[in-house]
Amino acid sequence: MALFRIAARTPLAPAEAWRRLTDWERHAAQVPLTRITVTTPPPTGRGTVFVARTRLGRFGFDDPMEVVDWQPPHHCRLEKHGRVVTGWAEIDVREAPGGGAYVGWTEDLRVRGLPRFCDPLLGRAGRAVFRRAMRALLKDR
């Protein structure tokens, strides 16, 4: 699996950073060729399921995820249960001294059928995509 971690500091209050990072549908605007559908009723919590559908032309796949740990506004763990993409992701938000928040995104990503020697490339690609997504989600509007 390709393990990567992204960390940043934001001037947003921890609760606002948490709200933005766990607004699952908003992630789709930041991840190319992807739309996200939450398949369980609100509010988000343990047991929430959502699916990221990535499509390029006729090729596409679903990346179903389930919230397995929910401790707002500090920690969330997702498990990926797809036929193509598996693994897990964790989002952590902590108050920063002097205001704002530290945010962390850790993900262990696996693409079925992709040889292990591709893990470093997969990790770099995942880090780049999710760093961009995290920055955009936390950006002041």
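Me: Ala, Val, Leu, Ile, Met, Phe, Trp, Tyr, Cys and Pro count as nonpolar, Asp, Glu, Lys and Arg as charged, and the others, Gly among them, as polar. How does the lining of the largest pocket divide?
Reply: The lining has 22 nonpolar, four polar and three charged residues. The model is predicted, so local features need pLDDT of at least 70 and side-chain atom pairs 80 or more, while totals for chains, interfaces and linings use all residues. Residues are numbered from 1 along each chain as its sequence is written, and side-chain values use heavy atoms, without hydrogens and water.

Me: And what is a pocket?
Reply: On a 1 Å grid over the protein atoms alone, it is an open set of points where a 1.4 Å probe fits, with protein on both sides within 12 Å along at least five of seven lines; lining residues have an atom within 4 Å of a point.

Me: Which element supplies the largest share of that lining?
Reply: α3 does, with six residues. Helices (H or I, at least four residues) and strands (E, at least two) are DSSP runs, numbered from the N terminus.

Me: New topic: how many salt bridges?
Reply: There are nine, each a side-chain nitrogen of Lys or Arg within 4 Å of a carboxyl oxygen of Asp or Glu. One of them joins Glu 90 to Arg 77, with the closest N and O atoms 2.7 Å apart. This pair links distant parts of the chain, Glu 90 in strand β6 and Arg 77 in strand β5, 13 residues apart.

Me: Is Glu 90 buried or exposed?
Reply: Glu 90 is buried, at 18% relative accessible area (buried is under 20%, exposed over 50%, partly exposed in between; 1.4 Å probe, protein chains only).

Me: Which residues form a network?
Reply: Salt bridges link Glu 16, Arg 19 and Arg 20.
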